[in-house]
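Biologist: I am new to this structure. Could we go through part of it step by step?

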Amino acid sequence: MDNEAAFETFKNCTVEVLQVAPEQVTLDARFGEDLDADSLDLVELVMALEEAFDITVPEEELEGIETVEQAFKLVTGKLA
Amino acid sequence: MSRVVLVTGGSRGIGLACARAFEAQGDRVAITYRNKPVDDLFSLRCDQTNGDEVDAAFGAIEDRWGPVEVLVANAGITNDTLLLRMGEDAWREVIDTNLTGAYRVAKRAAAKMVRARAGRLVFVSSVNAVMGAPGQANYAASKAGLIGLARALAKELGSRNITSNVVMPGFIRTDMTAALPVEWQQMAVDGVPLGRAGEPEDVAGVVTFLASPAAAYITGAVVPVDGGFGMGH
């Protein structure tokens with residue numbers, strides 16, 4: 001999966017789980033402030049991403065993840 | 001209503017009465033059991049100390065009807081003995097089945113309920129959770145644990161329109177209580193203001209209420225169904 005396709009999948013998950021518009025899912029968007037996500041939303045999003053990308057994201061790696069870019073890098077790092 | 005309902009430990013006693021009550025109001029009811037299935041109910045063999053078996057049971061329900069919308073976490077066991085004689089095995093077995101088992105089924109159910117933005121969790125505790133009972137350190141602890149579990153989930157999942165409540169049966173006429181010495185049974189009834197043992201249907205009525213639209217604004221509640229034994233506690 002190339003980077004662009006991966007981001008498309010990532011974006012679709014985010015749109016579906018967080019109920020936001022696709023154009024809101026930019027690399028610098030912050031989950032809390034910009035996408036209005038609470039902690040349960042983020043857990044849901046992680047679970048959706050794990051399913052979509054067939055990866056496992058351990059709890060401790062989620063520490064400090066605040067933006068779409070950080071989360072996307074975490075996911076793509078698992079695909080390698 | 002035609003919701004998908006799962007009653008764990010639904011092959012007899014309080015669980016079976018709950019299953020029948022949901023069925024009577026038109027819901028699609030599945031039960032889990034350990035020893036004996038119920039012929040006319042969608043019965044799934046499941047030992048809830050095993051996460052894979054829990055997952056398989058939910059998977060079978062989802063394949064047939066879709067995600068569970070109402071979970072009645074009822075399955076439980078006793079292994080009574082006085083503390084000084086209670087080995088860690090007896091302690092662990094009861095906690096693992098009654099409390100950790102409830103965590104396993106609630107977690108599995110909640111994953112789908114969160115997505116659906118709706119769901120009802122009802123945990124069947126026991127009056128002994130708050131009143132204590134000699135010989136039941138393990139059982140009472142496991143049933144008290146359900147109250148904390150349910151209330152934590154009420155707060156975690158409330159924003160997703162999922163309610164999480166507890167019913168606390170008192171002395172109910174089931175196989176579990178029939179196994180007690182007759183004098184104990186009489187003593188238990190003597191402490192009940194309504195002057196009789198409860199029937200499983202008495203509990204089922206409250207469980208179906210907590211799962212009904214009428215109870216939409218009730219969460220984190222502990223509802224005693226004990227004939228007044230605990231005076232509301």
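Modeller: Two residues are in contact if their C-beta atoms, placed from the backbone, lie within 7 Å. Keep in mind that this is a predicted model.

Biologist: Which elements of chain B do the buried residues of α2(B) pack against?

Modeller: Helix α2(B) covers residues 51-64. Its buried residues are Val54(B), Ala57(B), Phe58(B) and Ile61(B). In chain B these pack against β1 (4-7), β2 (28-33), β3 (42-45) and α3 (88-116).

Biologist: Why do the buried residues of α2(B) line one face of the helix?

Modeller: An α-helix has 3.6 residues a turn, so residues three or four places apart point the same way. The buried set is Val54(B), Ala57(B), Phe58(B) and Ile61(B). On the other side of α2(B), Asp52(B), Gly59(B) and Asp63(B) are exposed. The buried residues line one face because, viewed down the helix axis, they fall within an arc of 95°.

Biologist: Which residue of β4(B) stands opposite Val7(B)?

Modeller: β1(B) pairs with β4(B) in the parallel sense, over three bridges. Both faces of β4(B) are covered, with Val70(B) and Val72(B) buried on one side and Leu71(B) and Ala73(B) on the other. The residue opposite Val7(B) is Val72(B).

Biologist: What is the handedness of the crossover from β4(B) to β5(B)?

Modeller: β4(B) and β5(B), residues 119-124, are parallel partners over four bridges. Within this pair, Leu71(B) stands opposite Leu121(B). The chain passes from β4(B) through α3(B) to β5(B), and this β-α-β crossover is right-handed.

Key. Residues are numbered from 1 along each chain as its sequence is written. Chains are lettered from A and ligands numbered from 1 in the order in which they are written. This is a predicted model: local features need pLDDT of at least 70, side-chain atom pairs count only at pLDDT 80 or more; totals for chains, interfaces and linings use all residues. Helices (H or I, at least four residues) and strands (E, at least two) are DSSP runs, numbered from the N terminus. The expected span of a helix is 1.5 Å times one less than its number of residues. A residue is buried if 20 or more other C-beta atoms lie within 10 Å of its own, exposed if 12 or fewer, and partly exposed in between; C-beta atoms are placed from the backbone. The arc is that of the directions from the helix axis to the C-beta atoms. Two strands pair if DSSP finds at least two bridges between them. A crossover is right-handed if, with the strands pointing away from the viewer, the path from the first strand over the helix to the second runs clockwise.
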